[in-house]
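Subject: Structure handover

Hi,

Here is the structure I promised to pass on. Please open it alongside this note.

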Amino acid sequence: MEYSSGSVQDYYALMKPRVMSLVIFTSLVGLILSPSNMHPFLAIISICCIAIGAGGSGVLNMWYDADIDSVMKRTIGRPIPSGNITRSEALTYGLVMSFGSIFVMGVLINWAAAIFLAFTIFFYAVVYTMWLKRRTTQNIVIGGAAGAFPPVIGWLSTSASLTIEPLLLFLIIFLWTPPHFWALAILTSNEYQKVSIPMMPNIAGSESTIKQILLYSVIMSAAALLPYYLAMVTVIYLFPVCILSAIFIGFSVQLYRAKTKEKIENYSKRLFVYSILYLFLVFTFFLIDYLYIKYKWGLI
């Protein structure tokens with residue numbers, strides 16, 4: 001068997017740490033918002049399992065996509081295309097992390113959360129990476145479910161019942177994914193075209209993609225306000241999220257009105273960067289609102 005000289009940093013990079021950081025944060029929010037109490041030590045184990053599971057699915061994604069990663073400029077420096085880690089090593093690493101995280105979650109936390117974690121890993125590594133990504137322009141729309149499950153897993157890890165609240169968290173991330181990723185895809189459409197990945201911009205064109213970005217931005221913003229109207233949060237959440245969503249829609253409108261290639265690329269980049277901040281802040285305000293309610297009722 002061929003072995004590589006990959007460093008700890010290479011193995012860490014395989015886990016897609018930037019994606020994993022959002023997974024950790026959103027799952028933590030789901031866990032904290034749950035009505036069921038959980039011992040802090042078990043909460044840490046739960047979040048670690050979700051993080052390792054997310055990292056494992058990221059490794060499996062890089063293992064399967066090594067052929068196209070070696071061609072695309074954005075991904076050519078990843079550990080496998082650069083030769084720092086072999087594909088067989090990545091596959092073993094990804095499988096051990098995935099199965100290990102599921103097993104520990106099931107044994108030490110509960111099997112409902114473990115089953116959801118297993119489904120999420122399977123959905124990202126198999127349904128999205130191996131099936132949807134290379135076959136349909138709806139790859140991101142459908143595949144986005146994988147990135148939206150972590151807060152649900154965090155909620156279920158406390159042994160709470162699956163109610164409307166975690167599903168709202170799921171819905172916000174699910175609707176956020178297309179405008180977030182399509183904004184990046186507009187910037188890299190030539191790269192996806194080169195490796196025959198049917199991303200929306202290089203199949204339907206930038207104009208059609210931008211219209212869908214605007215549509216999803218509006219629907220996502222409406223979904224982000226639903227928690228208030230379903231009495232999940234207070235105005236402490238509502239007001240800032242209204243402002244954040246208005247800015248998101250504003251960036252989408254700017255992109256929609258852009259006529260030159262240079263402006264389209266500039267506004268796409270701006271929207272992509274802001275979308276990351278948007279999701280982080282929306283979930284931050286879920287926590288702030290939760291702490292406000294706890295303080296108001298004298299629970300902290």
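This is a predicted model: local features need pLDDT of at least 70, side-chain atom pairs count only at pLDDT 80 or more; totals for chains, interfaces and linings use all residues.

Start with helix 3, residues 40–64. Its 25 residues should span 36 Å at 1.5 Å a residue, and the end C-alpha atoms are 36 Å apart, so expectation and model agree. Of those 25 residues, 18 are buried, so helix 3 is largely enclosed by the rest of the structure.

Helix 2 runs over residues 17–33. Its 17 residues should span 24 Å at 1.5 Å a residue. The end C-alpha atoms are 24 Å apart, which agrees. The buried residues of helix 2 include Met20, Val23, Phe25, Val29 and Leu33. Thr26, Ser27 and Gly30 are also among them. What do the buried residues of helix 2 pack against? Their partners are helix 1 (8–14), helix 3, helix 8 (150–156), helix 9 (164–187) and helix 14 (261–296).

The nonpolar patch

There is a nonpolar surface patch of about 600 Å². Phe103, Val104, Val107, Leu108, Trp111 and Ile115 make it. Helix 5 and helix 6 (111–132) each supply at least two of its residues. Helix 5 gives the largest share, with four. Residues three or four places apart in an α-helix point the same way, because there are 3.6 residues a turn. Phe103 is one of the patch residues and is found in helix 5. Its relative accessible area is 54%, so Phe103 counts as exposed.

Lys16 lies in the loop between helix 1 and helix 2. Its phi is near 55 degrees, a positive value in a residue other than glycine. Lys16 has 16% relative accessibility, so it counts as buried; the cut-off is under 20%.

Ala231 also has a positive phi, near 60 degrees, and again the residue is not glycine. Ala231 sits in the loop between helix 12 (206–229) and helix 13 (235–257). Is Ala231 buried or exposed? With a relative accessible area of 67%, Ala231 is exposed.

Thr75 is in the loop between helix 4 (66–69) and helix 5 (87–109). At 2% relative accessibility, Thr75 counts as buried. Which residues does Thr75 touch, leaving out those up to four places away in sequence? They are Ile68, Asp69 and Pro81.

Best wishes

Definitions and conventions. Residues are numbered from 1 along each chain as its sequence is written. Side-chain values use heavy atoms; hydrogens and water are left out. The expected span of a helix is 1.5 Å times one less than its number of residues. Buried means under 20% relative accessible area, exposed over 50%, partly exposed in between (1.4 Å probe, protein chains only). Contact means heavy atoms within 4.5 Å. Patches are made of residues with over 30% relative accessible area and no salt bridge: like charges are joined within 9 Å, nonpolar side chains (Val, Leu, Ile, Met, Phe, Trp, Tyr) within 5 Å. Accessible areas come from the Shrake-Rupley method with a 1.4 Å probe; for residues, only the protein chains shown count as cover. A salt bridge is a side-chain nitrogen of Lys or Arg within 4 Å of a carboxyl oxygen of Asp or Glu.
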